[in-house]
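Dear colleague,

Please find the structure below, with its sequence. My findings follow directly after it.

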Amino acid sequence: MDQFKAFSQQLNPLAARLNKQFVQAKQFAQEKMGTAEDITELPQEYKDLEKLQETLGEFGRTVTDRIQQVALSPAEKAASEAAALEERKETAPPKTLSHALSRASYDGSEQIGLEEPMGAALFKFATVQEKVGDFRLKMDHEISTKFVQPFGTTLNTQIGFAMKARRNVQNARLTLDSAKAQYKTTKPERSEAIRLEVEQAEDQFVAAVEEATTLMKAVLENPEPLRNLADLVAAQLTFYKEAQDILADLAPEIDELSVTQEALYRNSRSE
């Protein structure tokens, strides 16, 4: 007898949960089919926060996915693959387009010879491109550690909590609307009990909305994603500045060698 009583006590909560899930599913189906009445309206602030949070979440997922999946641009991949075909199998392929250009230019300078303007220019270009490639790798590392990883943490924690809270709101609303519909058709002797269920469901719905609103506000008000974005911009700015500086020094040297090459060409044509 005691075992049966204990079993019944364990079974009752499970039955209650299953019944609640059934009621929610039934209400959801009725709403989709357009047969539900008096659907509880969510507060406008809540709906606005939903849209903002969804936009932020989609932005974060898109950016992090793209960065993680595309370490190199298609052009850089193509250049790396093409250069790798020319290398021995044991040689690691270039990591960036700039490294591929550097490797190819070094080879060209060796074949032409540094005493020739073209060979000298290729050597200088190769040296600079290797440094630009290193700058690129440094930028990628900075973006990964200061943007992708912390932004991903925000997505997986705060936004995840907010999404769970929104699901709780949806379930609480379905329970409330189902209770309201039941109250309209209940018999007089059951009306008081159902009315209490409606009040309880209303309290749970209000509490769920407040919790979800608080969590969504926390996502939008959190300064960390903006700091992460600022770090991403700073990493890009550093890369482009370093690349610009070193290329600015290279440009007049290449121009000078170009003038020399043109003079040699004219002399050879006049002889």
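The expected span is taken as 1.5 Å times one less than the number of residues, and helices are DSSP runs (H or I, at least four residues) numbered from the N terminus. Please note that this is a predicted model, in which local features need pLDDT of at least 70 and side-chain atom pairs count only at pLDDT 80 or more, while totals for chains, interfaces and linings use all residues. Residues are numbered from 1 along each chain as its sequence is written, and side-chain values use heavy atoms, with hydrogens and water left out.

The buried residues of helix 4 are Ser-98, His-99, Ala-100, Ser-102, Ser-105, Gly-108 and Ser-109. Here buried means under 20% relative accessible area, exposed over 50%, and partly exposed in between (1.4 Å probe, protein chains only). Just after helix 4, Gly-113 adopts a positive phi of about 105 degrees.

Helix 6 (residues 188–221) contains 34 residues and reaches 49 Å from its first C-alpha to its last, close to the 50 Å expected. Its buried residues include Ile-194, Val-198, Ala-201, Phe-205 and Val-209.

The structure holds 3 aromatic pairs. Rings of Phe, Tyr and Trp (its six-membered ring) pair if their centres lie within 6.5 Å; planes under 30 degrees apart count as stacked, over 60 as edge-to-face and the rest as tilted. One of the pairs is Tyr-106 with Phe-123, edge-to-face at 5.6 Å centre to centre and 70 degrees between the planes. This pair links distant parts of the chain, with Tyr-106 in helix 4 and Phe-123 in helix 5 (residues 117–185), 17 residues apart. Tyr-106 is partly exposed at 23% relative accessibility, and Phe-123 is partly exposed at 36%.

Phe-147 and Phe-151 form a tilted pair, 5.1 Å centre to centre with 35 degrees between the planes. Both lie in helix 5, and because they are 4 residues apart, about one helical turn separates them. Phe-147 is buried, at 1% relative accessibility, and Phe-151 is buried at 3%.

Finally, Leu-226, Leu-229 and Val-233 make a nonpolar surface patch of about 270 Å². Leu-226 is placed in helix 7 (residues 224–270) and is exposed, since its relative accessible area is 62%. Patch residues have over 30% relative accessible area and no salt bridge; like charges are joined within 9 Å, and nonpolar side chains (Val, Leu, Ile, Met, Phe, Trp, Tyr) within 5 Å. A salt bridge is a side-chain nitrogen of Lys or Arg within 4 Å of a carboxyl oxygen of Asp or Glu. Accessible areas come from the Shrake-Rupley method with a 1.4 Å probe.

Kind regards

Methods:
Helices (H or I, at least four residues) and strands (E, at least two) are DSSP runs, numbered from the N terminus.
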